Amino acid sequence: MTAASVAVRRELVGLAGIVERNVYLTKRYFLWDLAFMVWTIANTLTIVFIARAAGLPPARENTLATGLLVGAVIWAFLGIIFEFMTETVAWERWEGTIEYTFMAPLSRSMHLGGMGAFAVLYGLIRATILFVVVAAFIGIHAPEANYAAALGLLAIASVSFIGIGMMTSVLPLISPEKGAQLGFVAQGMMLVVSGVYYPVSVMPEWMQALAKLSPATYAIRGCRAAIADGAGMQWADVWPLLVIACASIPLGLVIFRRGERYAKKHGKLKRSG
Amino acid sequence: MSTLAAPTALITPIRRGVPAVEVESLRKEFRRRDRRAGRFAKRPMTALCDVTFTIERGECVAILGQNGSGKSTLVRLLSTLLINDGGEARIFGYDAFRDTRAIRRLVNRVSVEASFFKKMSAAENLSYAARFYGMGPSQTRTAIPEILERVGFPSDRRGEAMENLSRGMQQKVALARALLTSPVLLLLDEPTTGLDPRSKLEVQEFIKDVRAEHDATILLCTHDMAEAETLADRVGLLDRGELLFLEPVEDVKRRYGVETLEQAFFAATGRAFEEEHDEDDDYREVFG
């Protein structure tokens, strides 16, 4: 084995370790996660019932309900990714393990990549359950839905979401008390310009310009088309997601490293008082 | 330690002929709020001031000091968790602030709080820590039971959540975590503080065993003078960020013409070891 292959193997083992740890924790907190799942379902129902109240003909009501459901599911999916990425720092600080993790010889890209990989897998499972339960409850008909295309788009968009999550995960390093909440602010800002429950075209022009920079715009548009109309993965949605992914991951890492350096300079990595 | 020793040297070669630790004029400051100077005013507070010392390979050195004296700041600087404001530190010839990846493979640490994921078991926590050092499941399957047995951790409690274990048990797991990765430099930051006398003795015996059997250099930071005297080849005194001396215990006693380290502390600082507490100490304790 060459030194390079040993180094690569060690990095991958480290990444797998992060995923493994999150599996352990998810098992330990299963009942809490179940309660959170029930809340997410209830919350999504409050949104999708709006379609019922609109007084539209059945076919249009079904289309509206499908569009709202896709928006709510992607909101929940993004919430999981941001939550896990933010917990990279917040949870470890709470448990007190942060210093051991940050002094370990694992590159930050693999560390954050492991958090992101688990978040995507876990988020996809939860998003699928959420979609199936709410669709069955409301009685959404999507006979032509192309679920493979929707999942494929979500998977591509996940890379960008992880990159943006890396940027927000640094916030608890800068502000231990309020940083984690700011992650949710970033999530809300992204979705409001991405047409989460409405077409992007109804927003003011400056918001439409911002929508072009958000990966959620293409994920929501593509997933709506795939589920409501049975469309395949459209290149018009895929290429912006790839471009944003290529930019957001390195940018996320740079921002995280700068935050880490700031925390190490000012003694904010661990706060015991 | 047969199953544990391989990974470190494979990636980070240990340089021969250099001291294990070289610290030269190391300085660290934090900024604290100064309400007297204005609502948002801050002033620098020195945590470490021009600290210089060397530790040879295989040596065990104890740094004594009260809460807030800068011991933990020193440990954090050497374990790449803080960035210095001046001076230098080298570990086996690697710059502690530039060659951080290399150093992280050589160093591990046990701190006063045995920090773990409380819902996870001892075995799961150790497995998580080991993965960061490139130890896959095939290695940890044998290494974790072996190291837990060595620290005297009961095998029937390996699967129990950490939150159900006593403080002494948790500290044993913390020692096991540090040794699992075969560090060549072990940083012990008050490893026995808060332990009952029996657990304290067990941990101290284990540290002696590790020194005897494993080629590790140890930096022990403590405010327990008896512990320092028992375990260390040389003893240093860190007081308000300044290293007042670092030499064998007998030399310290001879230098100050005293019989105990407590008396030496008084002679060196003009204060009794227990009595110190000033306004800055609260702040120092947060970081120190």
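Mentor: This is a predicted model. In chain A, take helix H10 (residues 215–229) and helix H11 (residues 235–266): their axes come within 9 Å and cross at roughly 150°. An angle over 145 degrees counts as roughly antiparallel, and H10(A) and H11(A) are therefore roughly antiparallel to each other. The crossing of H10(A) with H11(A) is left-handed. On the H10(A) side, Pro215(A), Tyr218(A), Arg221(A) and Gly222(A) make the contact; H11(A) supplies Asp237(A), Pro240(A), Leu241(A) and Ile244(A). By class, the residues of this contact are 5 nonpolar, 1 polar and 2 charged.

Next, the two chains. Chain B has 31 residues in contact with 31 residues of chain A. On the chain B side, the elements that give two or more residues are helix H1 (7–11), helix H3 (100–106), helix H4 (122–132) and helix H11 (279–287) of chain B. H4(B) gives the most, with 5 residues. The side of chain B that touches chain A has 16 nonpolar, 5 polar and 10 charged residues.

Last, a strand in chain B. Strand E6 (residues 107–110) of chain B is covered on both faces. Val107(B) and Arg109(B) lie on one side, Asn108(B) and Val110(B) on the other, and all four are buried. In a regular strand the side chains alternate between the two faces of the sheet. E6(B) runs parallel to strand E7 (residues 185–189) of chain B, and 4 bridges join them. Within this pairing, Val110(B) stands opposite Leu188(B) of E7(B).

Notes: Residues are numbered from 1 along each chain as its sequence is written. Chains are lettered from A and ligands numbered from 1 in the order in which they are written. This is a predicted model: local features need pLDDT of at least 70, side-chain atom pairs count only at pLDDT 80 or more; totals for chains, interfaces and linings use all residues. Axes are lines fitted to C-alpha atoms, for helices over the stretch in contact, and angles run from 0 to 180 degrees between N-to-C directions. Angles under 35 degrees count as roughly parallel, over 145 as roughly antiparallel, 65 to 115 as roughly perpendicular and the rest as oblique. A crossing is left-handed if the near helix is turned anticlockwise from the far one by less than a right angle, and right-handed if clockwise. Two residues are in contact if their C-beta atoms, placed from the backbone, lie within 7 Å. Ala, Val, Leu, Ile, Met, Phe, Trp, Tyr, Cys and Pro count as nonpolar, Asp, Glu, Lys and Arg as charged, and the others, Gly among them, as polar. A residue is buried if 20 or more other C-beta atoms lie within 10 Å of its own, exposed if 12 or fewer, and partly exposed in between; C-beta atoms are placed from the backbone. Two strands pair if DSSP finds at least two bridges between them.
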